[in-house]
Amino acid sequence: MSLIDFFIDPVLRGPTWGTLFMCIASGLIGSVLLLRKKTLLAESLSHAAYPGVILGVSLFALAFPAHEEWAFVSVLAGASFSAFLALKGIEWLMRRKVSPDAALCFILAVFFGAGIVAASSMQSQLPSWHQKTQMLLFGQAATMTGIHVALYGGLALSIALFFLLMYRPLQSVLFDRDFSSLLGLNVKWLERLIFCLLLASLIVGIRSVGVILMSGMIIAPAVAARQFTHHLHRMFFLASFFGALSGLLGNFLSIWGSMYLSTETERMTLPTGPSIVLVGSCFAFLSLLFAPQRGLVSRLFRIGAFRLRRLEENILKYFWKKGTLSRKILHETLHVPMWALFLVLRRLKKQGWIEGAYSLTPDGMKRAASIVRLHRLWELYLTEQLKLETGKVHKTAEEMEHILTPDLEERLTHLLGAPTQDPHQQPIPEKSRFP
Amino acid sequence: MSPYWGANFFEFFFLFFTRLFHSVWSQPATDEIQIGVLCMTAISCGLIGPFLVLRKMTMFANSLSHTVLLGIAGTIFFFGKETPFDLTHLLVGALLAAFLTALLTEGLIKGFRLQEDASIGLVFTSLFALGIVFVTLFTKDLHLGLESVVGNVDALKLSDFRASTLLALLNLSLITLFYRQFQIGSFDRGLAKTLSSCSSLFHYLLLFLTSVTCIGAFRAIGVILVLAFLVGPYLTARLFFHRLKPLLVASVLLGCLASLLGVAFSRHLLTTFGLPLSTGGLVVCFIGLLYVLSYIVKKIYRSGMLLTKAHD
C-alpha cells in the first residue's frame, strides 16, 4: 500500500479526500475564530449539533427506509438546524446578562443531553440506524464514498472561495470592527455569513472527526498557523495547509491503528476523529515550541542572548574601572555564580577583549570605553534634557547602556553638544572605532 | 422485579414517598439507587457550580470534564480494566487529570502566551483524543469510551451510591469549612490575595473538587452532561436569588428536583409507551426545562407586579 494508493484506490480515496477537504475548511474558519477569540463557540456548537443529527436521521429513516445512502443529507440538515438553534440560544442567554462562558456551557450540555435522549429512543426503535449514528460521536471516515467527497469538497471549496472573494472586507472586520462599519461595510451581514460558514464547516467535520472533537480541528491548525506569521493571508494559507496535513496523517494513523488492533476473529476500529485531532495538536504544540519568531524556544534563546550580552558588557565595564581583577573578586562584587563567570570569561578571552588572569586588551579597552560612554551620555541626557535629579539617573543608565544603538548615540552626542563630562563630573570617553 | 414496574409519573412519586419511610433503606430498587446517585451528584455540582460560574471558569470545567477521560484511561492502565471504579482509583484519576489539565492550560497561557480560549480548547481536545485512543488501546473496546461520554444510569449499583455519597460529603465539608475563602475568592480575587497568602490554593482546591465530581459522575451521567448539573441549576437559581447562600441551597435543590423528575419521567415513558430512554439525558433536559419555566414564571411574576403597582 503506497502513498499514492491513498488518493486513487477506490476504497481508500473516499476517506482521504473527504478528510482533506474537511480539514482545509475547518482550518480556514478556525483562523477567523482564533483572531476573534471565539474558538470555544465551535466547541459548543459542535456538541449542540448532536440532537439535530439524531433527529434528522430518525426522520429520514422513518420516511425513506430504503435509501440509506442518502442519509447524510439528513445529517447535514439536522445538524445545521440544531446548531443554528444553539447559536440563537447562546445569543439569547448572553443578552440576559449570563456570562458568555456559562451560556456556552449550559447550551452545550442541555443540547447534548437532548441528543442522548433522542439517541436512546432511536436505539430502541431503529437499532440498525442507531449503530450508524453512534460513529458520528467520534467520527468514522472509512465509509465515505464519492457522493460524500463531492459534497464535502463542494462545501470546502465554497468556504475557500468566500475567503478569496471577501478577503478585504474580512480583513478589516477582523482587525477593526468599528472602523469597518464606519467605512460602510455591512458588518452584521458579514458576521452572519461567517457564522453560516462556521456551521457548514462544523457539519462537514461531523462525519470524519465527530461532534465531540470537532472543535479541536477548528483550533489546532489555526494556533499552529498563527505562530509563523503576522499576515492574514499567510495565516489562512498555513492554517489550511496544517489542517490538510493533519487530516491526511490522521486518516493514515486511524487506518494503520485499526489494522494493528484488529485480530483475525475481531474487527476493531480506531476512530478517525481522535487520530486527526492528535496529529493536529502535535503540529500546534510543535509550532508553539519551535516557531522561529513566536516559539517558546526562540523566545527563551533571545532572552538568554540578551542576558549574556548584558553580563559581558558589565564585566568589561568593571575591568575598565578597576584594571586587573581575579575571578573571585568578580564573583563577590557582581554576584554571578562561579561557573557562569568561568564560561563568560573564556568567551571574552576567545573574542580578544581580555587577556592573562584577566585584564583588558587594547581592543577590550576601546569596547569597554564605548559602553561607559553610552552610560554617561544617557545620564547627561536625563539630567540636562529631562531635568531629572542627578542621584536618580544611574539606575536607568545601567539598563540603557545595553540597548542604545550607534545611531542613537550619534543623535545624543549631537543633541548634548559633544560633551566631555557627565553629571557626576566624570569624563565621558571619546567615541572610538573598534573593529 | 422492580416495585416501580408499571408505575406512571404520579404513581411513581406516590410509591417513592411511601417507600421512603419503609423499604428504601433495606432493599433499594434500581430507580431509587438512580435517584440517590443523581441527587448526590446534584449536591456536589450544586455546591461547586456557583463558584465556577462566578469565577468565569465554566469553560475550564468543560475542559476538565473532557480530560477526566484521560484520568480514567490512566486508572485502567495502572489498576487493570476489571477494577470497579471505586473511590481511591477515582481520586487518583481525578488528580491526574486535573493536574495535567491545569498545568498545561496555564503553561500555554503564561509560558507560550497563547490566548486563553485557544489554550483551553487545544489542551482538552488533545487530551480527550489521547484518552479515547488509550482507552481503545487498553481495553480493545470502544464501548467504554462511548459510555463515559454519555453515561449509563441503568448500570448503577449500590457501590456507586456509596461513592457518590462520599464525594458529596467531601464537597459539602470542604465548601462549608472554607466557605469564606471560596466566597471572597469568587467575588474579589485581589482582596483574597491581600487577605491571605494561599488564595491560589483554594483556586486549585476548587479545580480538584470539580475534577473529582466530574469523574465521580461519569458512570451515572457521563462526563459531558455533568456540565449541565454544574451550570444549569445555578443559572436557574440566579433568576430568583441574589445572595450566595440561598443560591447554593437553591442550586442543590433544583438539581435534586430535576433528578427526581427525570427518573420518574423515564419510568413513566417506559410504562405507558414502552420507550426506554436515557435517564441521564432526560435529567439534563429537565434542568434545561426548569430554566425556561423559571424564566417564564419570573416574567409573569414581574409583569404582575408591574400591573398591581400601576393600579395603585
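This briefing walks through a two-chain structure, from its overall layout down to a few single residues. The model is predicted, so treat every value here as computed from that prediction. Chain B has 13 helices and zero strands, and 45 of its residues are in contact with 44 residues of chain A. Chain A, for its part, is divided into three stretches: domain 1 (5-294), domain 2 (298-360) and domain 3 (364-416).

**Overall layout**

- Chain B holds 312 residues, and 51% of them count as buried.
- Among the contacts in chain B with a separation of 6 or more, 78% come from residues 24 or more positions apart.
- In chain A, the C-alpha centres of domain 1 and domain 3 lie 57 Å apart.

**Where the two chains meet**

- α5(B) gives the most to the side of chain B that touches chain A, with 13 residues.
- By residue type, that side of chain B divides into 29 nonpolar, 13 polar and three charged residues.

- Helix α3(B) has 22 residues and reaches 31 Å from its first C-alpha to its last, close to the 32 Å expected at 1.5 Å a residue.
- A kink of about 30° is present in α3(B), centred on B:His66.
- Because 19 of its 22 residues are buried, α3(B) is largely enclosed by the rest of the structure.
- Helix α10 of chain B covers residues 199-217, which makes 19 residues, and its reach of 27 Å is close to the 27 Å expected at 1.5 Å a residue.
- The buried residues of α10(B) include B:His203, B:Leu206, B:Leu207 and B:Ala217.

**Nonpolar cores**

- As background, nonpolar side chains tend to be buried together in soluble globular proteins.
- The largest nonpolar core in this model has 197 residues, and those touching the most other members are A:Ala49, A:Ala109, B:Leu227 and B:Val231.
- α5(A) gives the most to this core, with 17 residues.
- Leaving out residues up to four places away in sequence, A:Ala109 touches B:Ile224, B:Leu225, B:Leu227, B:Ala228, B:Val231 and B:Val284.
- Another core, of eleven residues, lies apart from the largest one, and its members include A:Leu316, A:Leu360, A:Ala368 and A:Val372.

- Most residues other than glycine have a negative phi.
- A:Lys37 has a phi near 60°, a positive value in a residue other than glycine.
- You can find A:Lys37 in the loop between α2 (13-35) and α3 (39-63) of chain A.
- Is A:Lys37 buried or exposed? A:Lys37 counts as exposed, because it has 12 C-beta neighbours inside 10 Å and 12 or fewer is the cut-off for that class.
- B:Lys56 is not a glycine either, yet its phi is positive, at about 55°.
- B:Lys56 sits in the loop between α2 (30-54) and α3 (58-79) of chain B.
- With 14 other C-beta atoms within 10 Å, B:Lys56 is partly exposed.
- Which residues of chain A does B:Lys56 touch? Not counting residues up to four places away in sequence, B:Lys56 touches A:Ser99 and A:Asp101.
- B:Lys56 and B:Ser186 are 130 residues apart in sequence, and their C-alpha atoms are 9.0 Å apart in space.
- A:Val98 has its place in the loop between α4 (71-95) and α5 (100-125) of chain A.
- Although A:Val98 is in a loop, A:Val98 counts as buried because it has 21 C-beta neighbours inside 10 Å.
- Setting aside neighbours within four places in sequence, A:Val98 is in contact with A:Leu93, A:Ala103 and B:Leu235.

Technical notes:
Residues are numbered from 1 along each chain as its sequence is written. Chains are lettered from A and ligands numbered from 1 in the order in which they are written. This is a predicted model: local features need pLDDT of at least 70, side-chain atom pairs count only at pLDDT 80 or more; totals for chains, interfaces and linings use all residues. Helices (H or I, at least four residues) and strands (E, at least two) are DSSP runs, numbered from the N terminus. A residue is buried if 20 or more other C-beta atoms lie within 10 Å of its own, exposed if 12 or fewer, and partly exposed in between; C-beta atoms are placed from the backbone. Two residues are in contact if their C-beta atoms, placed from the backbone, lie within 7 Å. Ala, Val, Leu, Ile, Met, Phe, Trp, Tyr, Cys and Pro count as nonpolar, Asp, Glu, Lys and Arg as charged, and the others, Gly among them, as polar. The expected span of a helix is 1.5 Å times one less than its number of residues. Domain bounds come from an automatic or database domain assignment. The bend at a residue is the angle between axes fitted to the seven residues ending there and the seven starting there. A nonpolar core is a set of buried Ala, Val, Leu, Ile, Met, Phe, Trp, Tyr and Cys residues joined through C-beta atoms within 7 Å.
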